[in-house]
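Let's walk through this model together, one part at a time.

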Amino acid sequence: MIELKNISKTFKTKKGEFTALRDIDLSIRDGEIFGIIGLSGAGKSTLVRCINYLEKPTSGQVIIDGKELGSLNKKELLALRRNIGMIFQGFNLLEQRTVLKNVLFPLEIAGVPKDKARAKARELLELVGLSDKESSYPSQLSGGQKQRVAIARALAPNPKYLLCDEATSALDPETTRSILELIRRINRELGVTTVVITHDMKVIDSICDRVAVMDNSIVTEIGTVAEVFADPKSETARKLILPELKLVETVSGGERIRLIFSGENSFTPVVSNLILSCGAPLNILYARTKDIDGRAYGEIVLQLPADIRAAAKVKNYLEAHGLTYSVLDGGESHVGDASEAAG
Amino acid sequence: MSEMLQKLLDNGILILGIWETVYMTFISAFFAYLLGLPLGVLLCVTAKDGIRPIPWLSRILDILVNIFRSIPFIILMVAVLPAAKLIAGTSLGNRAMIVTLVIAATPYVARMVESSVKEVDKGVIEAAQSMGASPFRIITRVLIPEARPSLTVGAVISLVTILGYSAMAGTIGGGGLGMISITYGYQRFNNEIVWICVVLTIIIVQIIQEAGMRLARKTDRRTA
């Protein structure tokens with residue numbers, strides 16, 4: 001288990017002090033994939049570097065499997081890092097080494113005998129699907145292949161934990177999907193506890209079990225992906241979850257509400273029933289449903305009729321039927337980009 | 001062909017001169033790298049943003065290197081002759097000159113090495129740190145191997161610089177093409193000898209440059 005207690009980090013810059021992290025409390029359970037999402041500059045990269053002490057927190061404690069990192073001497077810290085693999089946005093492969101030798105690198109550091117190391121490296125290259133590339137150099141590989149090599153390298157010392165720092169941010173959507181699938185497979189098959197840093201909600205809802213939202217050096221909310229997704233409390237979480245609605249323009253119209261589906265009611269024709277029973281025209285601005293962790297989740301953003309009585313009728317219907325919704329704005333002035341959401 | 005040139009060819013002085021220049025340059029470069037490579041790595045590693053910051057050491061090394069770098073070679077050469085005598089047992093001849101060349105070239109080499117090692121991608125260093133690599137391992141397994149192509153290019157530039165220094169050493173008792181052009185050319189008003197030495201030096205530099213660059217390209221896996 002990874003426990004972060006009261007972690008703060010300030011950097012001294014020429015312009016004065018800069019606080020990257022403020023009183024962060026988190027615990028990451030064994031076996032889960034834990035996501036940390038935030039906009040750039042929120043402090044998430046600094047936070048993930050505190051987990052393996054690449055950044056030493058200014059105050060607070062990092063406790064991994066009961067060991068407080070601040071109390072370890074240099075040697076113990078280096079040994080502990082071998083139990084925490086890490087992959088990066090920029091892959092960070094050794095450019096002058098072959099693929100196989102890249103995977104061998106952490107094993108050299110750990111002092112694993114050569115033949116044993118080779119067997120392990122080949123086994124991992126097989127796992128990530130790059131057995132045929134072992135004597136290629138990184139410059140000859142695509143981005144996705146490079147990240148696969150980096151994953152094999154990170155897993156070579158059999159780490160219990162894997163840290164992914166924006167690991168898919170430099171990849172195209174198709175490659176991102178395949179890398180995320182690989183990370184999930186590693187989590188399931190090898191039981192590697194994984195921490196994923198990202199600014200992309202798709203990464204979170206395709207592989208994470210729990211998520212923490214970071215904004216401005218603090219964690220604003222934390223919970224299962226379903227909870228945070230269904231009812232984002234902070235402004236940042238809303239922005240990240242509903243990026244499509246960021247574009248606003250002034251169009252007259254009614255209030256916008258966000259209807260949240262979870263579990264069973266995502267299969268009932270809620271909107272049709274709603275329109276039929278209220279007799280009110282509704283504009284669907286945005287809709288998506290997603291399979292998260294074996295259950296269906298979804299959301300629909302509706303624009304209510306401008307007529308206040310009709311709008312109230314719709315709200316009453318929703319409340320009567322136990323449907324969760326939240327009001328996005330007061331209507332009239334800010335309405336989502338209808339052209340994008342029309343489909 | 002002048003009488004002088006004929007004489008220099010007949011008694012083998014010109015051929016010996018070429019050999020002495022090449023030999024002084026390479027031996028000096030070898031020792032300059034023996035000292036300058038660790039010094040350059042140390043400059044980089046102990047710097048404020050290095051992998052093992054040691055501010056006082058970094059500061060001292062930086063000042064020392066700057067002092068030696070700012071003395072013109074022709075002056076440094078004379079100033080370090082006592083040291084040459086102490087180390088080589090003589091203040092004359094090629095052995096003494098190699099000592100002065102090494103003293104002059106080491107700080108230069110250190111700066112070349114420092115700048116090459118600084119180019120190594122910070123992310124790769126961070127990856128090595130995340131794997132639990134000690135600073136020493138990072139130096140030997142990451143910094144130097146990853147900087148190799150740049151180090152090779154730096155070595156070519158250093159060699160050419162040392163070759164230039166070695167010609168100056170001809171004025172205070174060193175051998176080689178520098179000595180020949182001064183003793184037989186300049187002092188005897190024989191321009192032909194001077195020009196022949198110039199052309200020979202250019203040829204040596206071209207060979208070093210071409211071979212070195214080819215080696216750097218061939219061993220760089222980023223373009224393989």
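Chain B holds 10 helices and 0 strands, where helices are DSSP runs of H or I with at least four residues and strands are runs of E with at least two, numbered from the N terminus. Its pattern along the sequence is accordingly α-α-α-α-α-α-α-α-α-α. What you see is a predicted model, in which local features need pLDDT of at least 70, side-chain atom pairs count only at pLDDT 80 or more, and totals for chains, interfaces and linings use all residues. Residues are numbered from 1 along each chain as its sequence is written, while chains are lettered from A and ligands numbered from 1 in the order in which they are written.

The C-alpha trace of chain B spans about 70 × 45 × 25 Å along its principal axes. Of the 224 residues in chain B, 42% are buried; a residue is buried if 20 or more other C-beta atoms, placed from the backbone, lie within 10 Å of its own, exposed if 12 or fewer do, and partly exposed in between. Two residues are in contact if their C-beta atoms, placed from the backbone, lie within 7 Å. Among contacts in chain B between residues at least 6 apart in sequence, 69% join residues at least 24 apart.

Now find α9(B), residues 177-186, where 7 of the 10 residues are buried. Among them are Leu177(B), Met179(B), Ile180(B) and Tyr184(B). The buried residues of α9(B) pack against α1, α2, α8 and α10 of chain B. For another setting, look at Asp62(B), which sits in helix α3 (residues 55-70) of chain B. Asp62(B) counts as partly exposed because it has 16 C-beta neighbours inside 10 Å. Its C-alpha atom is separated by 21 Å from that of Ile75(B), 13 residues apart along the chain.

Helix α7 (residues 122-130) of chain B takes us towards the other chain. Its residues Val124(B), Ala127(B), Ala128(B), Gln129(B) and Ser130(B) are buried, and the buried residues of α7(B) pack against α2 and β6 of chain A together with α8 of chain B. After α7(B) comes Gly132(B), with a positive phi near 85 degrees.

How many residues does each chain bring to the contact? Chain A gives 18 residues and chain B gives 20 residues. On the chain A side, α2 (74-81), β6 (84-88) and α3 (99-110) each supply at least two residues. By class, that side has 9 nonpolar, 5 polar and 4 charged residues; Ala, Val, Leu, Ile, Met, Phe, Trp, Tyr, Cys and Pro count as nonpolar, Asp, Glu, Lys and Arg as charged, and the others, Gly among them, as polar.

Helix α3(A) also packs on α5(A), residues 143-155, at an angle of about 30 degrees with the axes 7 Å apart. The two helices are therefore roughly parallel, a label for angles under 35 degrees. Val99(A), Asn102(A), Val103(A), Phe105(A) and Pro106(A) in α3(A) meet Val149(A), Ala152(A) and Arg153(A) in α5(A).

Finally, chain A has an open antiparallel sheet of 4 strands in the order β2-β1-β4-β5, where two strands pair if DSSP finds at least two bridges between them. β2 (16-28) and β5 (67-68) of chain A each have a single partner strand, so one side of each lacks a neighbour in the sheet. Between β4(A), residues 59-64, and β5(A) there are 2 bridges, and Ile64(A) has Lys67(A) as its bridge partner in β5(A).

Definitions and conventions. Axes fitted to C-alpha atoms, helices over the stretch in contact; angles between N-to-C directions. Parallel < 35°, antiparallel > 145°, perpendicular 65-115°, else oblique.
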